[in-house]
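Hello,

As promised, here is the structure we talked about. Have a look at it first, and then read on for what turned up.

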Amino acid sequence: MSRTAIIVPCRLESSRFPRKLLHKIKGKPLVLWVAERIAQVAPQFPLYFAVDHELLSVCLSQAGFKVIMTSSLHASGTDRIAEANEQIKADLVINVQADEPLVSAKQIELLDSLIRGDAEMATLATPFQTAADFNNPNQVKVVSGKAGKALYFSRSPIPYPRDLAGKVDDAWVKANPCFRHLGLYAYKAALLKAYAKLPLGKTEVIEKLEQLRVLENGYSIAVGITDDPSIGVDTIEDAEKFDHVLSC
C-alpha cells in the first residue's frame with residue numbers, strides 16, 4: 001500500500017496578514033491550532049511541517065511536531081512541499097494549509113481517496129452560499145467537468161451568468177453550480193517532483209493560483225465536494241471569526 005504523509009507548508013510572511021501563522025488566538029499561535037487539529041482528526045498519517053523560518057521551526061518543534069526547514073524563495077506552498085518530500089519520500093502527499101484550523105477528518109480522508117485514483121493531483125471545493133462570497137476575489141472559484149476533474153480555477157466569478165450581466169443574488173448562487181475552492185490538496189510523488197521543475201504558468205502568475213501551473217502543463221486535478229465548515233485565515237477578520245467559533 002502506498003505510503004501517505006501530510007505535509008503542511010508554512011511561510012512566515014504574508015502580504016495580507018503579516019506573520020499570521022504566529023498570530024495568537026486565545027493565547028495560542030494559529031499554526032499550533034492547525035497542527036493540533038490535524039493530529040487530532042488524522043492521527044493515522046505521519047505529519048510534517050515544511051517551514052521557511054526559524055521562528056516557525058521553534059514554535060512547532062517545541063510543541064512536539066516534526067519540522068523540515070525549506071527555502072524562503074519558493075513561489076508556492078506546493079514548491080515548498082516538493083522540497084520537503086525529497087527528504088520524506090512519501091508516495092502520496094496530502095497538503096493541509098497552515099491557516100485552515102477547522103480541517104476535518106472527512107476532508108483529509110476524501111483527499112486520500114481521490115489521490116489513489118487516476119488524477120495526479122486532488123483538491124476540495126464547497127458550494128457557495130452567498131453572492132458576496134461568490135464575487136469576492138479572495139474566495140477562489142473552481143469549475144469541474146462531468147468526470148470530476150477541474151477545468152479552471154479563478155478569482156473571478158465563474159461560471160459567469162451572462163444573461164444576468166453577472167448580477168446575482170444569494171438564491172441564484174445556491175441554485176446554480178458555483179463552488180469555492182478550498183486550499184487543501186493531495187499529490188502523487190511523481191507530480192511533486194515534476195512540479196518543482198516546471199516554469200511558472202502564465203495564468204498562475206496572473207491569478208496567483210499555484211494549481212493553475214498543473215492544469216497548464218496538462219496534468220489532471222480531481223475535485224471532491226465537501227460540506228464541512230471551513231475558515232481559511234487570510235485576514236485579521238478571519239482570525240476573529242475563528243476566535244468566535246472557539247468561544248461558542
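Let me start with Asp-118, which is exposed, with a relative accessible area of 63%. Please keep in mind that this is a predicted model.

The side chain of Asp-118 forms a salt bridge with that of Lys-149, at 3.2 Å from N to O. This pair ties together distant parts of the chain, 31 residues apart: Asp-118 is in the loop between helix 4 and strand 7 (121–127), and Lys-149 is in the loop between strand 8 (141–144) and strand 9 (150–154). Lys-149 counts as partly exposed, at 23% relative accessibility.

In total, the count comes to 12 salt bridges. Another of them joins Asp-234 and Arg-16, with 4.0 Å between N and O. Here the partners are 218 residues apart. Asp-234 sits in the loop between strand 11 (221–225) and helix 10 (236–247), while Arg-16 belongs to the loop between strand 1 (4–10) and strand 2 (24–25). Arg-16 is partly exposed, with 42% relative accessibility.

The loop between strand 1 and strand 2 also holds Lys-20, which forms a salt bridge with Asp-99, the closest N and O atoms being 2.6 Å apart. Asp-99 lies in the loop between strand 6 (92–96) and helix 4 (105–115), 79 residues from Lys-20. Through shared partners, salt bridges join Arg-16, Lys-20, Asp-99 and Asp-234 into one network.

Arg-213 is another residue to look at. It is part of helix 9 (residues 211–216) and counts as buried, at 1% relative accessibility. What does its side chain meet in a polar contact? The partner is the side chain of Glu-204, at 2.9 Å. Beyond its neighbours within four places in sequence, Arg-213 is in contact with several residues, including Ala-75, Ser-76, Asp-79, Tyr-195 and Leu-198.

Finally, the cysteines. How many disulfides are there? The count comes to 0. For Cys-10 the reason is distance: the closest cysteine sulfur, in Cys-59, is 9.2 Å away, so it is too far for a bond. Cys-10 is buried, at 0% relative accessibility, and Cys-178 counts as buried too, at 1%.

Best wishes

Terms used
Residues are numbered from 1 along each chain as its sequence is written. This is a predicted model: local features need pLDDT of at least 70, side-chain atom pairs count only at pLDDT 80 or more; totals for chains, interfaces and linings use all residues. Side-chain values use heavy atoms; hydrogens and water are left out. Helices (H or I, at least four residues) and strands (E, at least two) are DSSP runs, numbered from the N terminus. Buried means under 20% relative accessible area, exposed over 50%, partly exposed in between (1.4 Å probe, protein chains only). A polar contact is a pair of N or O atoms within 3.5 Å; within protein, one must be able to donate a hydrogen and the other to accept it, and residues adjacent in sequence count only if both atoms are side-chain atoms. Contact means heavy atoms within 4.5 Å. A disulfide is a pair of cysteine sulfur atoms within 2.5 Å.
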